[in-house]
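These are my notebook entries on a single chain. I set down what I looked up, entry by entry.

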Amino acid sequence: MFVKTGDTVKVIAGKDRGTTGKVIKALPKVNKVIVEGVAIMKKHQKPNAENPNGAILEIEAPIHVSNVQVLDKNGVAGRVGYKFVDDKKVRFNKKSGEILD
């Protein structure tokens with residue numbers, strides 16, 4: 001998976017298309033990512049010590065990694081590739097050629 005936690009990504013498909021956000025968590029086993037402020041869903045919580053009446057929480061749902069593109073420092077969205085620089089493997093934006101790591 002080319003997307004890592006902390007990357008800034010742009011959503012390219014779905015109801016939140018065009019939205020940008022930071023990756024909160026990457027889930028490589030299921031090829032999904034959780035992006036801050038994207039794919040908001042409501043979760044109903046039973047009453048507990050913190051919320052004696054219960055609550056309706058808004059949380060980010062995971063979205064498939066194919067629906068996002070990584071942004072570089074200049075804000076250019078593109079696919080991610082790998083190359084070797086000084087005998088070190090780094091990620092780079094294929095559209096702009098800028099190194100991401």
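**Entry 1: Overall form**

I began with burial: 28% of the 101 residues of the chain count as buried, where buried means under 20% relative accessible area, exposed over 50% and partly exposed in between (1.4 Å probe, protein chains only). I note that this is a predicted model, in which local features need pLDDT of at least 70 and side-chain atom pairs count only at pLDDT 80 or more, while totals for chains, interfaces and linings use all residues. Residues are numbered from 1 along each chain as its sequence is written, and side-chain values use heavy atoms, with hydrogens and water left out.

I found zero helices and ten strands in the chain; helices (H or I, at least four residues) and strands (E, at least two) are DSSP runs, numbered from the N terminus. The radius of gyration is 17 Å, well over the 13 Å that the globule rule gives for 101 residues, so the chain is more spread out than a compact globule. The radius is taken over C-alpha atoms, and the rule is 2.2 Å times the number of residues to the power 0.38. Along the principal axes, the C-alpha atoms fill a box of roughly 60 × 25 × 25 Å.

I then looked at contacts, meaning heavy atoms within 4.5 Å. Of the contacts with a separation of 6 or more, 38% are between residues 24 or more positions apart.

**Entry 2: The sheet**

In what order do the six strands of the open sheet stand? I read the order as β6-β3-β2-β1-β7-β8, with antiparallel pairing. The edges are β6 (63-64) and β8 (77-78); each has a single partner strand, so one side of each is left without a neighbour in the sheet. Two strands pair if DSSP finds at least two bridges between them.

I followed the bridges from strand to strand. Strand β2 (residues 20-27) is joined to strand β3 (residues 32-35) by four bridges, and Leu27 stands opposite Lys32 in β3. Three bridges pair β1 with β2 in the antiparallel sense, with Lys22 in β2 as the bridge partner of Thr8. Strand β1 is also joined to β7 by three bridges, again antiparallel; there Val70 in β7 is the bridge partner of Val9.

**Entry 3: The core**

I listed the largest nonpolar core, which has 15 residues. Such a core is a set of buried Ala, Val, Leu, Ile, Met, Phe, Trp, Tyr and Cys residues joined through side-chain atoms within 4.5 Å. Val3, Val9, Val33, Ile63 and Val68 have the most contacts inside this core. The elements that give two or more residues to the core are β1, β3 and β7 (68-71).

Beyond its neighbours within four places in sequence, Val3 is in contact with residues including Val9, Val33, Val68 and Arg91.

**Entry 4: Rings and charges**

I found one aromatic pair. The rings of Phe2 and Tyr82 have their centres 5.5 Å apart and their planes at 40°, so the pair is tilted. Rings of Phe, Tyr and Trp (its six-membered ring) pair if their centres lie within 6.5 Å; planes under 30 degrees apart count as stacked, over 60 as edge-to-face and the rest as tilted. Phe2 lies in the segment before β1 (8-11) and Tyr82 in strand β9 (residues 80-85), so the pair ties together parts that are 80 residues apart in sequence. Phe2 is partly exposed at 42% relative accessible area, and Tyr82 is partly exposed at 37%.

The charged end of Lys89 sits over the ring of Tyr82, 4.7 Å from its centre. Lys83 lies over the face of Phe92, at 4.8 Å from the ring centre. The criterion is NZ of Lys or CZ of Arg within 6 Å of the ring centre and within 35 degrees of the ring normal.

**Entry 5: Positive phi and an exposed glutamate**

I noted that Asn31, although not a glycine, has a positive phi of about 55°. Asn31 is placed in the loop between β2 and β3. Asp87, also not a glycine, has a positive phi of about 60° and lies in the loop between β9 and β10 (88-93). Asp87 counts as exposed, at 80% relative accessibility.

Lastly, I looked up Glu58, which lies in strand β5 (residues 55-60) and counts as exposed at 55% relative accessibility. Not counting residues up to four places away in sequence, Glu58 touches Ile40, Met41 and Lys42.
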